[in-house]
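The following paragraphs lead the reader through parts of a two-chain model. Please consult the sequence and the structure alongside the text.

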Amino acid sequence: MILPIDLIVLLLVIISAFAAITVKDLLSASLMLGAYSFLLCLLWTVMGAVDVAFTEATVGAGVSTVFCVAAIFHTTRRTKD
Amino acid sequence: MKILGTITILLCGGLLIFFTSDFPDFGDPKSPASIHLSPYFIEHTLEDTAVPNIVTSVLADYRSYDTMFETTVILTAGLACFLLLRIPTKEVTRRYYLHEPTGVTLRFDGDRYPKGSNVFKRIDSNWVPYDIIINFTCRLLIHFIQIFALYVVAHGHYSPGGGFQGGVVIGASIILFAISSNLRASIKRLGEKAAAIFTATGVFIYAGTGALCMVIGEHFLNYSFLAPLLGTDRIMARSHGIFIVEIGVAVAVMAVMIWIYYNLSSAGKQDEGL
């Protein structure tokens, strides 16, 4: 575990998590969530848990982002209420 | 209400951070996990199961009961998406067809659409012309993604990876095909029924291996009893048993990912979608 890399990645994780819940646009929020997952994957790799990192990269950053985008595809730009 | 929510979140977060201080440090040699469990796995995995990757052997051999129910959870997720979202479409409401020689789009109401025509091509209601670069790149990439996924499944004993990751990658390659060309083209190649059957088959391979062990020997999911069937000694039989189980997990996860994507992207109609 290299401390500077760890701190930088942790900072980016917090920034992307904060961005994912504050951003108004749903598509941007889901993409920020994908970025968050990918940064977490980097964090697992830094910690040496490569299997977990692989799972996070495929499921968290890959497929779940696609699921979110596919669901958002069926929403409208502005809410009706 | 908002203030109440904020207070609850702050309280829970504060409690979590407070109790995290009781946890052992990262890589602490005196923590209970490092004293009791880790040394056993590190010292005995290779002689017990002949699998160099400790994570794979813990996941699919020592803790295989856990992983079996994880696979069942995946199956339940696919079923939940299916039961919540799927709408049976009996009546044909409105379809759009592109007349390819002229490029004119026609709208057909009801049942009077051209069946099996050479010049009419069915398009989605929010259709955009296909981008040739994206189409070609995805076509080129999908084979390599799938071969890499098979490598991940088969090589899980030696390198990071295994059934779960490999299955997700195969599923993602088929989702990529659905995105790059068309949802209907993808459903034509691997339909919803096939996805459902594959899901159940994957879980069945896993649980069936366990049950087979129970029929031959005595313990559920103790692969060393498969040794007479596989024609190897008891240690290699555990390694092969892990591989069989990983294939089951990969099949189940792949099919569930595709199934969920079909239902999500077409809003349950499986008629047109992203």
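Helices here are DSSP runs of H or I with at least four residues, numbered from the N terminus.

The model is predicted: local features need pLDDT of at least 70 and side-chain atom pairs pLDDT 80 or more, whereas totals for chains, interfaces and linings use all residues. Residues are numbered from 1 along each chain as its sequence is written, with chains lettered from A and ligands numbered from 1 in the order in which they are written.

Between the chains, 15 residues of chain A are in contact with 18 residues of chain B, contact meaning C-beta atoms, placed from the backbone, within 7 Å. Helix 3 (residues 50-72) of chain A packs against helix 10 (residues 234-265) of chain B at about 20°, with axes 8 Å apart; axes are lines fitted to C-alpha atoms over the stretch in contact, and angles run from 0 to 180 degrees between N-to-C directions. That makes the two helices roughly parallel, the term for angles under 35 degrees. Among the residues making this contact are A:Phe67 and B:Tyr261.

Helix 3 of chain A also meets helix 6 (residues 163-180) of chain B, their axes coming within 10 Å and crossing at roughly 30°. These helices are therefore roughly parallel to each other. Their contact includes A:Gly62 and B:Gly171.

Methods: Contact = placed C-beta atoms within 7 Å. Parallel < 35°, antiparallel > 145°, perpendicular 65-115°, else oblique.
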